[in-house]
Amino acid sequence: MALKRVLIVNKTFPTAGLELLKKEVEAVVLPYLEYESDSMPTIKNTITSGFDGLIWNTKHRLTGEILDLAGPRLKAVTAMASGIDQIDTDELKKRGLPLGNTPKVLDDAVADIAVGLLIGAARRFKEAAKELESGDWKYGVQWMLGQDIVNSTVGIVGLGGIGQAIVRRLKGFDVAKFIYSGRTDKKEAIDLGATRVPLEQLLKESDYVILACPLSKETKHIINEEALKMMKKTSVLVNIGRGGLIDQTALYNALRNGEIFAAGLDVTTPEPISRDDPIVTLPNCYIMPHLGSATIETRNAMAKISAKNILLALNGKPMICPVLL
Ligand SMILES: O=C(O)C(=O)CO
């Protein structure tokens, strides 16, 4: 019997996952990154040659048009990510195609970045590094003052695996109170000592607002002009979810006008963001280029799960991490 074929649309797929695939299927890895101009045309051209499985490890949008090009041979799709906002889930559902993702294994790595951003933004790492590099310190008791974490109130928007890992880490910083918002009570919140509150209350009470929820129709621009106005002038906003959770123009204005103290972002709109983008130029906006899950171990684990998701589905079994469509 001919080997089943799996298409991987971004060249950075780790060997750990590729080796698993190669034991059972023919794996075709496209030689581009999403922002290279040949990436999308090559995906569209190649996918028409017939694949049983698709690993969508790219920020490009997986649309109905691409699924049509893939045709009826395609039986399973997985993201190599926890977030699935780049995938048109309605189109998969319409075609009865199962979707997988790679949550949980990245919770710790992303939580580490969240804590790093929180400290970096609160303690003005970006401005401080610039002054250091310029050799022009204005050292004094009123110089480069930031915000404390001790005795603060931390509000997490979305107490999923990543949000919980953030709370576990911040417990070591003697935070006074953890609150969270979300659609349902989380049983883990009891042990973590976190209380669910409406979003509006979270925004008003928190010294640190951390966005750790997926991007969806409901959460798009959850932080807009109105939300930013509810936040304390001394507050710090951290986003490790998706750029689209924030109205970035509203955030720019709030940071510029001192309506909030600072922001730490691992995700932006767009990605990559131009170095000339107004938000990048702000001294109180500390930005990382989407490094959340970027550790060797985590990326290997994500690749292995996405490979297993596809192999299981092609063998008629449930994926390890199926997405409920
Ligand atoms: O897996 C994801 O969705 C991420 O963005 C990890 O950084």
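This is a predicted model: local features need pLDDT of at least 70, side-chain atom pairs count only at pLDDT 80 or more; totals for chains, interfaces and linings use all residues.
Entry 1: I looked up the strand order first. Seven strands form an open sheet, and I read the order as β8-β7-β6-β9-β10-β11-β12. The pairing is parallel. Strands β8 (194-196) and β12 are at the edges. Each has a single partner strand, so one side of each lacks a neighbour in the sheet. From one strand to the next, the twist averages 20°.

Entry 2: I then went to β6 (residues 153-157) and β7 (residues 177-181). They pair in the parallel sense over five bridges. Val154 stands opposite Phe178 in β7.

**Entry 3: helices across the strands.** I checked α7 (residues 161-170), which lies across β6, β7 and β9. Helix α7 runs at about 165° to β6. Helix α5 (residues 107-122) lies across β9 (208-211), β10 (236-239), β11 (262-265) and β12. Its angle to β10 is about 150°.

**Entry 4: Asn284.** I found Asn284 in the loop between α12 (278-281) and β12 (285-287). Its relative accessible area is 16%; the cut-off for buried is under 20%, so Asn284 counts as buried. A polar atom of its side chain lies 3.2 Å from the backbone oxygen of Phe261. Beyond four places in sequence, Asn284 contacts Leu255, Ile260, Phe261, Ala262 and Ala263.

**Entry 5: Gly17.** I ended in helix α1 (residues 15-22), which holds Gly17. Gly17 is buried, with a relative accessible area of 0%. Setting aside residues up to four places away in sequence, Gly17 touches Ala303, Lys304 and Ala307. I also checked Ala301: it is 284 residues from Gly17 in sequence, yet the C-alpha atoms are 8.0 Å apart.

Methods:
Residues are numbered from 1 along each chain as its sequence is written. Side-chain values use heavy atoms; hydrogens and water are left out. Helices (H or I, at least four residues) and strands (E, at least two) are DSSP runs, numbered from the N terminus. Buried means under 20% relative accessible area, exposed over 50%, partly exposed in between (1.4 Å probe, protein chains only). A polar contact is a pair of N or O atoms within 3.5 Å; within protein, one must be able to donate a hydrogen and the other to accept it, and residues adjacent in sequence count only if both atoms are side-chain atoms. Contact means heavy atoms within 4.5 Å. Two strands pair if DSSP finds at least two bridges between them. Axes are lines fitted to C-alpha atoms, for helices over the stretch in contact, and angles run from 0 to 180 degrees between N-to-C directions.
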